[in-house]
Amino acid sequence: MNIGHRIKSLRKYQGLTQKELAEKVHKSPQVISNWERGYTPNITNEDIVNLATALNVKVSDIVSSSNDDTRPDL
């Protein structure tokens with residue numbers, strides 16, 4: 001699973017829209033959409049930390065390629 005899919009899955013798991021997540025990380029909804037669709041291949045470390053904080057997860061939950069997650073939808 002790629003990072004964009006993990007962002008989308010975690011966002012949905014938290015019950016957030018792209019707009020709501022965008023507000024939490026101080027980005028536009030279009031940026032969130034681009035991340036989720038893989039249109040922005042290089043997400044900065046700062047943005048990943050902000051995403052983890054906004055989604056109330058560990059950074060490794062976003063960047064890990066492990067399929068061992070127990071969350072539904074991941």
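A residue is called buried under 20% relative accessible area, exposed over 50%, and partly exposed in between (1.4 Å probe, protein chains only). By this criterion, 35% of the 74 residues of the protein are buried. The model is predicted: local features need pLDDT of at least 70, side-chain atom pairs count only at pLDDT 80 or more, and totals for chains, interfaces and linings use all residues. Residues are numbered from 1 along each chain as its sequence is written, and side-chain values use heavy atoms, with hydrogens and water left out.

The protein has five helices and zero strands, in the order α-α-α-α-α along the sequence. Helices (H or I, at least four residues) and strands (E, at least two) are DSSP runs, numbered from the N terminus. A contact means heavy atoms within 4.5 Å. Among contacts between residues at least 6 apart in sequence, 57% join residues at least 24 apart. The protein exposes about 4,600 Å², of which carbon and sulfur atoms supply 45%; accessible areas come from the Shrake-Rupley method with a 1.4 Å probe, and for residues only the protein chains shown count as cover.

A nonpolar core is a set of buried Ala, Val, Leu, Ile, Met, Phe, Trp, Tyr and Cys residues joined through side-chain atoms within 4.5 Å. The largest such core holds 16 residues, of which Ile 7, Leu 21, Leu 51 and Ile 62 touch the most other members. Two or more residues each come from helix H1 (3-13), helix H2 (18-25), helix H3 (29-37) and helix H4 (45-55). H4 gives the most, with five residues.

In H2, the buried residues are Leu 21, Ala 22 and Val 25. Seen down the helix axis, they fall within an arc of 105 degrees, so they line one face of H2; the arc is that of the directions from the helix axis to the C-beta atoms. These buried residues pack against H1, H3 and H4. The face of H2 turned away from its buried side carries the exposed residues Lys 19 and Glu 23. Not counting residues up to four places away in sequence, Leu 21 touches Ile 7, Arg 11, Leu 16, Ile 32, Leu 51, Ala 54 and Leu 55. Just after H2, His 26 takes a positive phi of about 60 degrees.

The C-alpha atoms of His 5 and Ile 62 are separated by 9.3 Å, with the two residues 57 apart along the chain. Asn 34 touches Tyr 39 and Thr 40, not counting residues up to four places away in sequence.
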